[in-house]
Structure formats: structure tokens, C-alpha cells
Amino acid sequence: MPQHSAIPVLSEEVREALAARRPVVALESTILAHGLPRPRNLQVGEELEALVRARGAVPATVAVLDGVPYAGLDKAQLERVAGDDAVRKLGHRDLPAALATGASGATTVSATAFLAARAGLRVFATGGLGGVHREWTATQDESADLALLARTRITVVCAGVKSILDVPATLQRLETLGVTVLGYGTDRFPGFYLRSSGEPVDWTVDSPRQVAAVMAAQDSLGGPDSAILVANPVAAEEQLDPELHDRVLAEALAAAGSAGITGQAVTPFLLSYLVRATGGASLEANLAAVRGNVRLAAGIAAAWAQPR
Ligand code: PSU
Ligand code: MN
């Protein structure tokens with residue numbers, strides 16, 4: 001039987017940074033493989049890694065290739081994730097099967113958080129989390145991201161959850177599951193494409209140092225492992241026009257319903273619908289949000305790496 005001893009396999013620079021307690025930021029790969037159109041997705045993957053480096057941290061993009069989980073990809077590996085049709089979408093529950101069968105896949109927030117925490121990484125940047133879908137009463141479709149984050153000690157910087165989801169229900173689930181939610185410079189939960197979803201958050205932080213202090217307090221409390229969500233709104237000048245947003249979202253939801261899209265296909269379907277129907281504006285807002293999250297995550301990783 002093959003042994004999967006070092007899980008995930010770390011790139012040399014990630015290994016060295018961890019050993020020297022220098023800042024590292026985990027990045028997910030589903031957004032690249034299944035959340036963004038090609039060939040822009042590869043450029044984005046490279047750009048996000050460069051943004052992390054520009055802020056003095058080391059990027060650790062997580063993915064599974066030929067049954068091997070990695071944190072930190074080389075150029076050829078990133079190209080495969082972005083361009084290979086055989087790259088699946090892997091949530092946390094898919095990892096055992098992917099490893100055993102030698103499959104390749106991009107990791108969602110749940111799988112990325114799991115693997116990153118296994119590697120000893122503490123800060124993770126993404127675009128939006130998965131959450132509770134609007135048709136939950138019929139489908140019980142709630143992303144596995146939420147339950148996994150409820151039992152994983154990692155700080156996740158996100159721009160909220162996409163408005164294709166049921167935002168109030170997602171926030172309620174995060175409360176029930178005991179996930180700490182911090183608004184970054186805001187008392188509103190961000191609306192991913194929009195600065196605000198309109199929903200309140202209970203805690204506001206204003207600096208990477210403050211986030212690191214919350215992480216340290218979490219450790220000193222010694223409670224069960226759970227995530228800290230840093231909800232970071234997209235810059236005002238980069239948000240999607242709220243009116244366009246509301247109109248196109250209604251269309252996309254109707255289109256998914258009449259096309260009978262279900263399960264893991266729902267999120268990619270709605271996302272690509274929004275990109276087309278906004279003439280690419282939703283993509284630009286999406287990318288702006290992700291860039292902002294990656295920059296902030298690098299700052300948090302740097303603050304976390306400071307001796308306390
Ligand atoms: N939100 C985005 N873009 C994405 C995703 C979420 O703005 O690509 C991806 C993330 O990887 C997230 C996953 O973890 O979708 C959730 O999928 P599901 O709803 O199938 O759990
Ligand atoms: Mn789902």
C-alpha cells in the first residue's frame with residue numbers, strides 16, 4: 001500500500017518559511033480551477049501568489065495532484081490546476097477518495113483549510129466561503145465549508161459569502177457552529193461583490209495586529225479548534241454596481257432553477273452566469289475582493305509571525 005506520510009507535501013519555500021517562523025498564507029485552488037474563466041484563472045493564480053510575496057509572506061496554494069496533496073505549487077503544478085479538465089473539485093470529504101485513487105483536484109475552502117491546518121499554517125485567504133444555499137429547505141444544500149471551519153483552527157480572510165447564497169442563514173449557521181466572525185473595518189458582513197450584505201457583524205477589527213491578538217486569545221483560551229473568519233469588504237470604488245447586482249442575481253437564480261442545476265454544479269453555474277450577464281463586471285469585483293483578501297492575509301500572517 002502506498003503511504004501518504006507527509007500530508008500535505010510542502011514546497012521548499014513553504015517548508016523553510018514554516019521552520020523559520022516566517023509568514024505563510026494558504027490559498028485555495030477551487031477558485032482558480034472552477035470559479036474563474038480560463039485563461040484568466042492562471043494569471044490570477046500567479047498574481048495572487050505575487051501579491052503574497054510582495055507583502056513579505058510565502059504563498060502556499062493547496063491542491064491535490066495525482067493523489068498527492070500539496071501546499072505550495074510550482075509553476076507547472078499551478079498550470080495544471082488552472083488548465084487541466086481532469087482537475088476535479090475536492091471538498092474535505094473527497095480527500096480520502098482522491099488520495100486513494102490518484103485523482104487530481106482543486107481544493108475548496110473546506111479541503112484547503114483542513115490541509116493547511118495539517119501543515120501548521122494558520123492564515124488562509126480566499127474569495128468567498130461556501131454557505132447555505134437559498135433553496136436549502138428543498139435541498140439541504142449547505143457547504144461543507146461551514147462545518148469544517150467549525151472544527152479547524154485557522155484564520156480565514158474572505159469577502160463574506162456570495163449573494164447567490166442565503167446570507168442571513170449562513171451567518172446564523174456560523175453562529176450556531178461557533179465560528180468567530182470579525183468584520184474588518186466594518187460592522188456589516190461584506191456582500192462579496194458589494195461592500196455590505198446589509199447584515200450586521202458583532203465584532204469589528206481594524207488592523208492585522210488586532211486579528212493576530214484575537215488568534216492569540218483563541219489559543220490562550222484553549223477551547224476546541226475552530227476558525228476565525230475575517231470578513232473583509234471589497235473597496236468601495238471596486239464594488240459591483242448594486243442595482244446591476246440585484247437584477248442579474250435574480251436572473252441567474254431563475255436560470256439555474258429552469259436548467260435543473262443541482263449539487264456541486266450550482267455555484268460554478270451561477271458564478272459564470274453572473275460574469276456573462278454583467279459583461280465581466282462581476283469578475284472584476286470578484287478579483288478585487290480576492291486581491292484585497294490576499295493582501296490582508298499576508299499582513300495578518302506577518303503580524304502573527306511577530307514574537308509575542
Ligand atoms: N465562492 C467564490 N468562488 C468560489 C467558491 C466560493 O466566490 O470558487 C468555491 C470555494 O472553493 C468554496 C466552494 O469553498 O466554492 C464551495 O463549494 P460548495 O458550495 O460546493 O461547498
Ligand atoms: Mn453545496
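In the predicted model, an oxygen atom of ligand 1 is placed 2.7 Å from an N or O atom in the side chain of Glu28. A backbone N or O atom of Val109 also lies 2.7 Å from an oxygen atom of ligand 1, and a nitrogen atom of the ligand is 3.1 Å from a backbone N or O atom of Gly128. Polar contacts are pairs of N or O atoms within 3.5 Å; within protein, one atom must be able to donate a hydrogen and the other to accept it, and residues adjacent in sequence count only if both atoms are side-chain atoms. Taken alone, ligand 1 exposes 470 Å², of which the protein buries 92% (Shrake-Rupley areas, 1.4 Å probe; for residues, only the protein chains shown count as cover). Around ligand 1 there are 16 residues, and Glu28, Val109, Ser143, Asp145 and Lys162 come nearest (a heavy atom within 4 Å).

This is a predicted model, in which local features need pLDDT of at least 70, side-chain atom pairs count only at pLDDT 80 or more, and totals for chains, interfaces and linings use all residues. Residues are numbered from 1 along each chain as its sequence is written, chains are lettered from A and ligands numbered from 1 in the order in which they are written, and side-chain values use heavy atoms, with hydrogens and water left out.

The largest pocket holds about 960 Å³ of space. On a 1 Å grid over the protein atoms alone, a pocket is an open set of points with protein on both sides within 12 Å along at least five of seven lines, a cavity is a set where a 1.4 Å probe fits but cannot get out, and lining residues have an atom within 4 Å of a point. The pocket lining comprises 45 residues, with Lys89, His133, Asp141, Ser143 and Thr267 nearest the centre. Because domain 1 (1–121) and domain 2 (129–239 + 288–308) both give residues to this lining, the largest pocket lies between them (bounds from an automatic or database domain assignment). The largest contribution, five residues, comes from α12 (helices are DSSP runs of H or I, at least four residues; strands are runs of E, at least two; both are numbered from the N terminus).

One cavity of 30 Å³ or more was found, and the largest cavity has about 70 Å³ of space. Glu28 is among the residues lining this cavity, as are Leu27, Ile31 and Val294. Helix α3 gives the most to the cavity lining, with three residues.

Definitions and conventions
Points joined across faces, edges and corners; volume = space filled by probe spheres on them.
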